[in-house]
Amino acid sequence: MKTVVHKAPSKTQELTYELKVKQVMRKKVITLKPDSTMNEVRRILRDNKISGIPVVDGTRLVGIVTIEDLLICLHEPEIKGIDEKVKNRMTKDVATVYSDEPIVRVVGKFDKTGYGRFPVIDRAKKKLVGIITKGDIIEGLLKKLETDYHKEENYTYSVSEIFKDLNSNGCILTLIYKIKGGDFKKAGEQTSKLRKNLLKLGFSPETIRKVAISAFEAEMNIVIYTPEGELIAKIYPDKIVINTTDMGPGIPDVEEAMRPGYSTAPDWVRELGFGAGMGLPNIKNYTDEMTLESEANKGTNLSFVVYAH
Amino acid sequence: MKIKDILKKLDLQVISGHELLDREVSGGYAGDLLSDVLANAIKGNIWITAQIHQNIIAVASSKELSGIIIANNRKPEKETLEKSKEENIPVITSNMLTYEISGRLYEIGVR
């Protein structure tokens, strides 16, 4: 396992710093005593399909005996070594790792030494607490990636699944936002809430942008020209339908109002950067369908549709 | 080019969003009419404006702009700064006028 250093670390590389040895090591370690024989080594390696066994005296690690040591015994004339004690055949200078070390250090150590496993030592108690192989590291990383992935996905997933989970022939989620006229400080707040909800529901950035721009303009119109109004967003799996109603003065000439640059906004509103006569044309540009109905002194009813991408 | 690269070349003051300066800037837009910005600014643009009220944050976040530069030594309103933190939009101020900021940005390659 080579540690490749990229300019931007991958998620996996980040995890090798985050994960500690104790999180991925095997805690159940098969061990031998110094007086065990190589014959026992053969049996244990075969029965457990492992390739190395730490040798402990009490709780203290005194050596390691591996499949290579066994092979050497088996190749000796008359196979005498097989009856020898482990303490005469083991590697005494054992390379170990500490349980609180990050995985990245162990990966480096595997690279450098070429060993297949490291006994894991508790730094404070100086005692053998586990064993770690490359396989354990891969498994630990995969498990962690999977958990993280689920955590990230879960929220969006659970909300957007509403459409499928509720048993019906179709599902429309309706969100209602009240808009107060004249309150420029709060203008845009309802759109901002709507935008965040659409994000949670997993709509694409492009779809959300179109809805947000159009809803913002609609909200501004209510704030600038009317005492109060309401924005109702009907959210389908494949489209968003927005309807705004208000108790305002109405638009005397709807056709004229749709003309870019036409505005009836007072000067102080224009100074704030609103009332440029582009609100309604903007909505028309950014939506797939738009209808505007208005009656003088009764209010305005605007609706538009954005299809999801 | 990132916002922090622009800061190295132009004399600008970051008022909020110090942690967001790694953002890539796709180009620029200048204007004080919010609807105009909504219609014509492009995602990732840095926006130069004289407006200081909090609606500029809503506009910037709707269009996913990379940041706002307030021109002519004007200081953003308190609510604007609060909103900028909520919506993660860096707010930068400058003594220069909109025209000069635009020109300088264009000169250093923000196009």
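A quick word on the model: it is predicted, so local features need pLDDT of at least 70 and side-chain atom pairs count only at pLDDT 80 or more, while totals for chains, interfaces and linings use all residues. Residues are numbered from 1 along each chain as its sequence is written, and chains are lettered from A and ligands numbered from 1 in the order in which they are written.

The five strands form an open sheet with mixed pairing, in the order 1-5-4-3-2; two strands pair if DSSP finds at least two bridges between them. Its edge strands, strand 1 and strand 2 of chain B, each pair on one side only. Further in, strand 4 and strand 5 of chain B run parallel and are joined by three bridges, and I68(B) has V91(B) as its bridge partner.

| Strand | Residues |
|---|---|
| strand 1 of chain B | 13-16 |
| strand 2 of chain B | 27-30 |
| strand 4 of chain B | 67-70 |
| strand 5 of chain B | 91-93 |

Now for the partner chain. 19 residues of chain A are in contact with 16 residues of chain B (C-beta atoms, placed from the backbone, within 7 Å). On chain A's side, helix 10 gives the largest share, five residues.

Methods:
Two residues are in contact if their C-beta atoms, placed from the backbone, lie within 7 Å. Helices (H or I, at least four residues) and strands (E, at least two) are DSSP runs, numbered from the N terminus.
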